[in-house]
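Q: Could you walk me through how to read this model, one feature at a time, with the general idea stated before the particular case?

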Amino acid sequence: MRIDAVVINASPLITLFRSGQSGLLPRLFKQIVVPETVWREVVVQGQGDRAARELSEQSWPVRVDVVSSPRVAAWDLGAGETAVLSHALVTPPLRAVIDDMDARRCARTLGIPMLGTGGLLVLAKRRGLLTAVGDGIEKLRDSGLWLSDDIVRILKTQAGE
């Protein structure tokens, strides 16, 4: 099934903006949902940061208030992760874009489809928006996203590199 809509957490937004790759989001997806909790984390708490400045200037974020699902809240995740997963849980076919390991475990357990920030690059390559993912992965790492060498190898393999 084609992924056309996502609900995205702060970490992917921050690293995509800091790495200069946020332009991929509106090219990949028709709808990009940003829970208010995530918006505040990026724009208000990150005031002065590149991601805060640039996200607030974009026309594509669909900002939503989210009621936390008790099923997600039981995992005791951060506020942003809880909002993203809660919204994805009740709004299929939204795909959650999250990087936090505990949040990814929660998503797998609850059957919430997800992508990580690195997975966005693989998807962009598959859709012909990138010729390779290696440079983009390095930019993400340089922008603060921790990706193990094993994950990098997996992403490159998924991208056919």
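Q: How many helices and strands does the secondary structure of the protein come to?

A: Two cautions come before the reading. This is a predicted model, in which local features need pLDDT of at least 70 and side-chain atom pairs count only at pLDDT 80 or more, while totals for chains, interfaces and linings use all residues. Residues are numbered from 1 along each chain as its sequence is written, and side-chain values use heavy atoms, with hydrogens and water left out. Helices (H or I, at least four residues) and strands (E, at least two) are DSSP runs, numbered from the N terminus; here the protein has 10 helices and five strands. Its radius of gyration is 15 Å, close to the 15 Å that the globule rule gives for 161 residues, so the protein is as compact as a globular protein of that length. That radius is taken over C-alpha atoms, and the rule is 2.2 Å times the number of residues to the power 0.38.

Q: What percentage of the residues in the protein is buried, and which residues touch the most other members of the largest nonpolar core?

A: In soluble globular proteins, nonpolar side chains tend to be buried together. Buried means under 20% relative accessible area, exposed over 50%, and partly exposed in between, with a 1.4 Å probe and protein chains only; by that criterion, buried residues make up 50% of the 161 in the protein. A nonpolar core is a set of buried Ala, Val, Leu, Ile, Met, Phe, Trp, Tyr and Cys residues joined through side-chain atoms within 4.5 Å. The largest such core has 54 residues, of which Leu13, Leu25, Phe29, Val42 and Leu85 touch the most other members. Not counting residues up to four places away in sequence, Phe29 is in contact (heavy atoms within 4.5 Å) with Ile3, Asp4, Ala5, Val6, Leu115, Leu120 and Leu123.

Q: Why is helix α1 described as largely enclosed by the rest of the structure?

A: An α-helix has 3.6 residues a turn, so residues three or four places apart point the same way. In α1, which spans residues 10–18, seven of the nine residues are buried, so the helix is largely enclosed by the rest of the structure. The buried residues are Ala10, Pro12, Leu13, Ile14, Thr15, Leu16 and Phe17. Ser22, in the loop between α1 and α2 (24–28), also counts as buried, at 11% relative accessibility, and, leaving aside neighbours within four places in sequence, Ser22 is in contact with Leu16 and Phe17.

Q: Where is Arg63 found, and which residues does Arg63 contact beyond its neighbours within four places in sequence?

A: Arg63 is found in strand β3 (residues 61–64) and counts as partly exposed, at 43% relative accessibility. Leaving aside those sequence neighbours, Arg63 is in contact with Val34, Glu36 and Trp39. The C-alpha atoms of Arg63 and Ile32, which are 31 residues apart along the chain, are separated by 8.7 Å.
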